[in-house]
Amino acid sequence: DVRTSHEIVRRQITIMVEDVIRTAQTNIEALQPQCVDDIHNAGRMLIGFSGAMRDKEKLLKSFLYKNLYFHESVIRIRKSADQIVR
């Protein structure tokens, strides 16, 4: 059902955004920057996924590439669309 899949995607995006926000807050609190140079000199990214979410995101991407983006039926449709555009 399209409605269910839209809801699943919406919830996944919410979970991922909340993870970035939580991770950013934790990293900024730990660094306690006083100026922009403190951010530039931190030596690491302060904004991004947590380690656990990064692992889950890699699994999700792997699944999507295998089962959606490069699935043979999708490739067939892309080739057909390419022919139409040409």
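Which helix holds both Lys-61 and Glu-57, and how many residues apart are they? Before you select anything, note that this is a predicted model, where local features need pLDDT of at least 70, side-chain atom pairs count only at pLDDT 80 or more, and totals for chains, interfaces and linings use all residues. Residues are numbered from 1 along each chain as its sequence is written, and side-chain values use heavy atoms, with hydrogens and water left out.

Now select Lys-61 and Glu-57: they sit in helix 3 (residues 51–69), four residues apart, about one turn of the helix. Helices here are DSSP runs of H or I, at least four residues, numbered from the N terminus. The pair makes a salt bridge, with its closest N and O atoms 3.1 Å apart. That term means a side-chain nitrogen of Lys or Arg within 4 Å of a carboxyl oxygen of Asp or Glu, and the rule gives five of them. Glu-57 is buried at 16% relative accessible area, while Lys-61 is partly exposed at 44%. (Buried is under 20%, exposed over 50%, partly exposed in between, using a 1.4 Å probe and protein chains only.)

Next, pick Arg-86 and Asp-82. Their salt bridge has its closest N and O atoms 3.2 Å apart. Arg-86 is exposed at 73%; Asp-82 is partly exposed at 33%.

Zoom in on Arg-10 and Glu-7, whose side chains meet at 2.6 Å, N to O. They are three residues apart in helix 1 (residues 2–31), so about one helical turn separates them. Arg-10 is partly exposed at 46%, and Glu-7 is partly exposed at 27%.

How values were computed:
Helices (H or I, at least four residues) and strands (E, at least two) are DSSP runs, numbered from the N terminus.
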